Amino acid sequence: MSHEHRGASASDEISVNPLFARHSETTIPRWKIPDGEMLPETAYQLIHDELFLDGNARQNLATFVTTWMEPEAIQLYTEAFDKNMIDKDEYPQTAAIEDRCVHMLADLWNAPDSHATIGTSAVGSSEACMLAGLAFKRRWQIARRAEGKPTQSPNIVFSSAVQVVWEKFANYWEVEPRYVPVTREQPYLTPEGMLAAVDENTIGVVAILGVTYNGVYEPVQQLGAALDDLASRGGPDVPLHVDAASGGFIAPFLDADLEWDFRVGRVHSISASGHKFGLVYPGLGWIVWARRDYLPEELIFKVSYLGGDMPTLALNFSRPGAQVLLQYYNFLRLGREGYRRVMQASKNAARHLASELSKMPAFEVLTDGSDMPLVTWTTDDRPRHWDLHDLSAKLRERGWQVPAYPMPANLENLTVMRVVFRNGVSLDLTRLLLDDIAAAVRFLDALTAPPPRKEAHALRFHH
Ligand SMILES: Cc1ncc(COP(=O)(O)O)c(C=O)c1O
């Protein structure tokens, strides 16, 4: 990583408050490991104080990731943060609990036989998606080789609204990404768009349950039916992966009848973020394959476990096991009904924001929280001196972090603002936010010229 700060703040030294400093510690180097030691209290205080400059997690309406857990979960976390997930032999019960969680998820996602499934935890959805893509690629290569066909031009199909992880997957594993452009009327992957992009070199199609830009659920069932039809007409037999980073922990509880999961036969694998709507602190993703043979054997490694072998697959070797235990904690603590109530509360808050925003003349609500609890809106066409980036900056004065960003390719001229209703973004908080949005709009509407724009406005928001 390059040095992120330049100018005055890039001084090569950090000053130590005299109250905590010993004689030699009035400053410490910023970019080098200090030569000597310091007291633990001083080191703690320095870092603790610097972190005050981070945003307030409660008002971060940009993130999907869990920012609060119960005290009992934190107690469990502190008891378990030394557990290394890869040491299955040393921590057999943590390994057993991971396996239990995989099968609970397989069951939640309606696998025809949850015991025939295989899966793993990961550091997040990104790692899980990479594993899904790798399984697709290897399976396609094996099948092509068996038919004596070339394997040098694999491609993968998804909508232009995929999260950056899919761009990374295609780049890192040298697979051609085929982006199907979204439109304003259909801001998701359509069966027609998908079929136009698929050919015999397609290793798989990715459908998203809860598009990062707008929260929309892509029509998995229709995509699966279109691929079934293609195969039945003698076309390529292309599998589906569902990137359910957010939706995997929402749809089963709020839209149980929506067929987006293993009930759709084409769906080989599903990934989700435990650290988003799974309600666990950052560092946890999941992937499940409906059948063991969907994951080529050669991608599975063995580690020792209770004197025998246990299969593992993950990009990293060592990683924390505590998050897996926190996921299990939530499954036990909340049960299906608890998850449903949490998700419903988020949805109610989202629907309230959408409904109140739609009454404000400046805005057009684009997605109203009907799929995942996420609301996006844009401004109407009337001329004004401000845009959504100005509104975002104005709200930041009150501590709110509400991103404004352009939609993906084909819709990049459309700038939207987004609020993610993760657990804790309550109806009360939403009412306070609405008051602040109304006040900010009154202020901005009164301007007689555009406000000076900070360079930061031009920075791209990362999803
Ligand atoms: C649809 C989708 N896929 C993948 C990811 C990446 O997830 P993670 O941050 O868990 O790696 C995200 C994150 O927002 C997402 O929204």
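**Group meeting: a walk through the model**

Let's begin at the ligand: the shell of residues around it divides into 5 nonpolar, 9 polar and 1 charged. Before I go on, please keep in mind that this is a predicted model.

So who sits in that shell? There are 15 residues around the ligand, and those that come nearest are Gly124, Ser125, Ser126, Gln163 and Ala245. Which helix gives the most to the shell? That is helix H4, residues 125-146, with 3 residues.

You'll find Val242 opposite Ile270 of E8. For anyone who has been away from structures for a while, strands of a sheet pair through backbone hydrogen bonds, either parallel or antiparallel.

Next, the sheet of 4 strands. This one is open too, with antiparallel pairing and the order E12-E13-E15-E14. Its edge strands, pairing on one side only, are strand E12 (363-368) and strand E14 (404-406). From one strand to the next, the twist averages 35 degrees.

Let me go across this sheet with you. E12 and E13 are antiparallel partners over 5 bridges, and one of the pairs to click on is Thr367 with its bridge partner Thr376 in E13. These two strands form a hairpin with 5 residues between them, and in the turn Gly369 has a positive phi of about 85 degrees. On we go to strand E13 (residues 374-379) and strand E15 (residues 415-420), which pair in the antiparallel sense over 4 bridges. There, Leu374 has Val420 in E15 as its bridge partner.

There is another hairpin I'd like to show you, made by E10 and E11. Strand E10, residues 301-305, pairs with strand E11, residues 308-312, in the antiparallel sense over 5 bridges. Ser304 has Asp309 in E11 as its bridge partner. The hairpin has 2 residues between the strands, and Leu306 takes a positive phi near 50 degrees. How many of the 5 residues in strand E10 are buried? The count is 0, and this strand is hardly covered.

Over to the helices. Helix H2 (residues 71-80) packs with helix H9 (residues 322-357) at an angle of about 150 degrees, and their axes are 9 Å apart. Angles over 145 degrees count as roughly antiparallel, and therefore H2 and H9 are roughly antiparallel to each other. The crossing of H2 past H9 is right-handed.

My last stop is Pro451, in the segment after helix H11 (427-445). Why does Pro451 count as partly exposed? Because it has 16 C-beta neighbours inside 10 Å, and partly exposed means between the limits of 12 or fewer for exposed and 20 or more for buried. Look at Trp386 as well: Pro451 and Trp386 are 65 residues apart along the chain, with their C-alpha atoms separated by 7.1 Å.

Definitions and conventions: Residues are numbered from 1 along each chain as its sequence is written. This is a predicted model: local features need pLDDT of at least 70, side-chain atom pairs count only at pLDDT 80 or more; totals for chains, interfaces and linings use all residues. Two strands pair if DSSP finds at least two bridges between them. Axes are lines fitted to C-alpha atoms, for helices over the stretch in contact, and angles run from 0 to 180 degrees between N-to-C directions. A residue is near a molecule or strand if its C-beta atom, placed from the backbone, lies within 6 Å of it. Ala, Val, Leu, Ile, Met, Phe, Trp, Tyr, Cys and Pro count as nonpolar, Asp, Glu, Lys and Arg as charged, and the others, Gly among them, as polar. Angles under 35 degrees count as roughly parallel, over 145 as roughly antiparallel, 65 to 115 as roughly perpendicular and the rest as oblique. A crossing is left-handed if the near helix is turned anticlockwise from the far one by less than a right angle, and right-handed if clockwise.
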